[in-house]
Amino acid sequence: MTLVIGLFLLFLAVVFFWQSNRQRTQAGLPGGRVIYTDTRAWGLVEKPLYDHELGLTGKPDYLVEQNGLIIPIEVKSGRAPDAPYDSHIFQLAAYCLLVEKTYGKRPPYGIIHYTGRDLAVDYTDKMESALLDQLADIRRDEYRTQVERSHEDAARCRGCGFRNVCDQSLA
Ligand code: SF4
């Protein structure tokens, strides 16, 4: 079961990565704003969050309670980009959705923790709607036997876990 969940999350991350540029243009994804957070208040998440209705599961790195709300935090290694990557934004939005479904309170934003900088990304209705569109696309693509590569970035392929089985790899 753990392997299945892991594979699903990996699949989700790759699909978000594939689709994010197109979706960003359509959805006007929010950028991040720099915030300060006290890491001592962060709590590790013991078990993955799960939404039966959407068949979605995921485990944010941390949750933090702020003013009665529960905020998911995703930790990314490396220096902070000028704006968070779309794939990171969608992953965080999925955690916001899972937090709302699990705890019954909607997080107004989630946090991406990069090295030396924390970015808050608003979880707006528009963001949720873009996420649900992504999930619908994923379900549709699940049954396709051929999915075209959506980029020309060899570096991305070099870092991809599917490189050895992908017939469109550039690396
Ligand atoms: S190897 Fe490249 S084209 Fe293939 S799935 Fe990975 S990133 Fe996409």
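Reader: Among contacts in the protein between residues at least 6 apart in sequence, what share joins residues at least 24 apart?

Author: In this predicted model, 62% of such contacts join residues at least 24 apart. A pair of residues is counted as a contact when heavy atoms lie within 4.5 Å.

Reader: Which elements make up the protein, and in what order do they run?

Author: The protein has 4 helices and 8 strands. From the N terminus on, they run α-β-β-β-β-β-β-α-β-β-α-α. Of the 171 residues, 39% count as buried, a word that requires a relative accessible area under 20%.

Reader: Helices H2 and H3 cross in the model. What makes H2 roughly parallel, perpendicular or antiparallel to H3?

Author: The axes of H2 (residues 86-103) and H3 (residues 125-141) cross at roughly 100° and come within 10 Å. Angles of 65 to 115 degrees count as roughly perpendicular, and therefore H2 is described as roughly perpendicular to H3. On the side of H2, the contact is made by Ile-89, Phe-90, Ala-93, Ala-94 and Leu-97; H3 brings Met-127, Glu-128, Ala-130, Leu-131, Leu-132 and Gln-134. By class, this contact has 9 nonpolar, 1 polar and 1 charged residues.

Reader: How do you know that Arg-106 and Glu-128 meet in a salt bridge?

Author: The distance between N and O of their side chains is 2.8 Å. The limit for a salt bridge is 4 Å, so the pair qualifies. Arg-106 lies in the loop between H2 and strand E7 (109-115), while Glu-128 lies in helix H3; the two are 22 residues apart and link distant parts of the chain.

Reader: Why is Arg-106 called partly exposed?

Author: Its relative accessible area is 26%. Buried would require under 20% and exposed over 50%, so the value falls in between.

Reader: What makes Asp-137 and Arg-140 a salt bridge, and is Asp-137 buried or exposed?

Author: Their side chains meet at 3.4 Å, N to O, which is within the limit of 4 Å. Both residues lie in helix H3, 3 residues apart, about one turn of the helix. Asp-137 has 15% relative accessibility and therefore counts as buried, whereas Arg-140, at 46%, is partly exposed.

Reader: How is Glu-152 classed, buried or exposed, and why?

Author: Glu-152 reaches 68% relative accessibility, so it counts as exposed, the cut-off being over 50%. Its side chain meets that of Arg-149 in a salt bridge of 3.3 Å, N to O. Arg-149 is partly exposed at 26%. Elsewhere, salt bridges that share partners join Glu-100, Arg-106, Asp-125 and Glu-128 into one network. The whole structure holds 6 salt bridges.

Reader: How many residues has the largest nonpolar core, and which have the most contacts inside it?

Author: This core has 26 residues, and Leu-56, Tyr-123, Met-127 and Leu-131 have the most contacts inside it. The elements that give two or more residues to it are H2, E7, strand E8 (117-122) and H3. The most comes from H2, with 10 residues. There is also a second, separate core of 7 residues, including Val-64, Ile-73, Tyr-109 and Ile-111.

Technical notes:
Residues numbered from 1 in each chain as written. Predicted model: local features only at pLDDT ≥ 70, side-chain atom pairs only at ≥ 80, totals over all residues. Heavy atoms only, no water. Axes fitted to C-alpha atoms, helices over the stretch in contact; angles between N-to-C directions. Parallel < 35°, antiparallel > 145°, perpendicular 65-115°, else oblique. Nonpolar A, V, L, I, M, F, W, Y, C, P; charged D, E, K, R; others polar. Buried < 20%, exposed > 50% of the residue type's maximum accessible area, 1.4 Å probe, protein only. Core = buried A, V, L, I, M, F, W, Y, C linked by side-chain atoms within 4.5 Å.
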